[in-house]
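Colleague: I have a new structure open and would like to learn how to read it. Could you walk me through it with me asking as we go?

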Amino acid sequence: MRRFIISLAIALVASVCAVAQKTVFVDTEYILKNIPAYEAANEQLNELSKKYEAEVKAKLQEVEQLYETYRTESVFLSNDMKVSKENEIVQKEQAAKKLQQQYFGQNGELFKQREVLVKPIQEQIFNAISAIAQEKSYSAIWDKASASGLMFSDKDLDISDAVLGKLGYGK
């Protein structure tokens with residue numbers, strides 16, 4: 001009997017604690033897809049990426065062409081000329097890789113543009129989520145779009161439309 005009462009008390013305390021927490025979720029992918037500025041920024045980044053990729057590809061093709069020319073002409077070249085051509089090929093290849101790093105590297109131009117175009121939108125979303133969390137006294141807000149391990153969510157708990165409304169993009 002005593003065990004039953006202790007178990008019941010623990011269950012009661014656990015249920016009270018569970019009720020005290022308000023947990024909801026958002027879908028940031030859904031929110032971002034419904035913000036025209038984000039779609040425009042993404043399109044701009046894609047165009048810039050294609051431009052940079054074409055530039056790097058052209059440089060690498062130039063290196064490949066130089067190498068092919070070197071291979072066919074190497075039997076006719078002196079040792080000094082071979083070394084000179086090899087150095088030219090290596091320098092052009094290094095320049096192409098440096099350009100690739102400059103555009104696509106960790107602190108490259110594409111990353112910087114993404115920071116300029118997308119980060120303000122993400123900050124607006126975060127601020128809207130924070131404001132809603134304070135207004136509604138939510139203790140936790142999960143992002144359904146991230147790999148958070150969320151297995152199931154009730155549609156009634158989704159506040160994504162409220163976030164869009166807070167940002168001025170209501171349905």
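Modeller: Gladly! Let's start with burial: buried residues make up 23% of the 171 residues in the protein chain. Keep in mind that this is a predicted model.

Colleague: Thanks. How many helices and strands are there in the protein chain?

Modeller: The protein chain has six helices and two strands. If you follow the sequence, the pattern reads α-β-α-α-α-α-β-α.

Colleague: And what share of the contacts between residues at least 6 apart in sequence join residues at least 24 apart?

Modeller: In the protein chain, 79% of those contacts join residues at least 24 apart.

Colleague: Let's move to helix packing. How do I describe two packed helices?

Modeller: The general idea is to give the angle between their axes and the distance between the axes. Take α3 and α5 here: their axes cross at roughly 175 degrees and come within 10 Å. That angle is over 145 degrees, so α3 is roughly antiparallel to α5.

Colleague: Which residues of α3 and α5 meet?

Modeller: From α3 come A37, Y38, A41, N42, Q44, L45, L48, S49 and Y52. Their partners in α5 are E109, L110, Q113, R114, L117, V118 and I121. Sorted by class, this contact of α3 with α5 has ten nonpolar, four polar and two charged residues.

Colleague: Let me try another pair. At what angle do helix α5 and helix α6 pack?

Modeller: Helix α5 covers residues 109–136 and helix α6 covers residues 160–167; the two pack at about 115 degrees, with axes 9 Å apart. That makes α5 roughly perpendicular to α6.

Colleague: Is the crossing of α5 and α6 left-handed or right-handed?

Modeller: The crossing of α5 and α6 is right-handed. On the α5 side the contact uses Q124, I125, A128, I129, A131, I132 and E135, while α6 supplies A162, V163, K166 and L167. The classes in this contact of α5 with α6 are eight nonpolar, one polar and two charged.

Colleague: Charged residues make me think of salt bridges. What is the general idea there?

Modeller: Side chains of opposite charge can pair when their charged atoms come close. This structure holds four salt bridges, and we can look at some of them.

Colleague: What is the distance between the closest N and O atoms of K166 and E135?

Modeller: The closest N and O atoms of K166 and E135 are 2.5 Å apart, and the two residues form a salt bridge. K166 belongs to helix α6 and E135 to helix α5, so the pair ties together parts that are 31 residues apart in sequence. K166 is partly exposed at 41% relative accessibility, whereas E135, at 52%, counts as exposed.

Colleague: Where do K119 and E115 lie?

Modeller: Both K119 and E115 are in helix α5, four residues apart, which is about one turn of the helix. Their side chains meet in a salt bridge, with 3.7 Å from N to O. K119 is partly exposed at 38% relative accessibility, and E115 is partly exposed with a relative accessible area of 34%.

Colleague: One last pair, please. With which residue does E68 form a salt bridge?

Modeller: E68 pairs with R71, and their closest N and O atoms are 3.7 Å apart. Because E68 and R71 are three residues apart in helix α3 (residues 36–73), about one helical turn separates them. E68 is partly exposed, with a relative accessible area of 34%.

Colleague: Thank you, I can now find my way around!

Definitions and conventions. Residues numbered from 1 in each chain as written. Predicted model: local features only at pLDDT ≥ 70, side-chain atom pairs only at ≥ 80, totals over all residues. Heavy atoms only, no water. Axes fitted to C-alpha atoms, helices over the stretch in contact; angles between N-to-C directions. Parallel < 35°, antiparallel > 145°, perpendicular 65-115°, else oblique. Left-handed = near helix turned anticlockwise from the far one by under 90°. Contact = heavy atoms within 4.5 Å. Nonpolar A, V, L, I, M, F, W, Y, C, P; charged D, E, K, R; others polar. Buried < 20%, exposed > 50% of the residue type's maximum accessible area, 1.4 Å probe, protein only.
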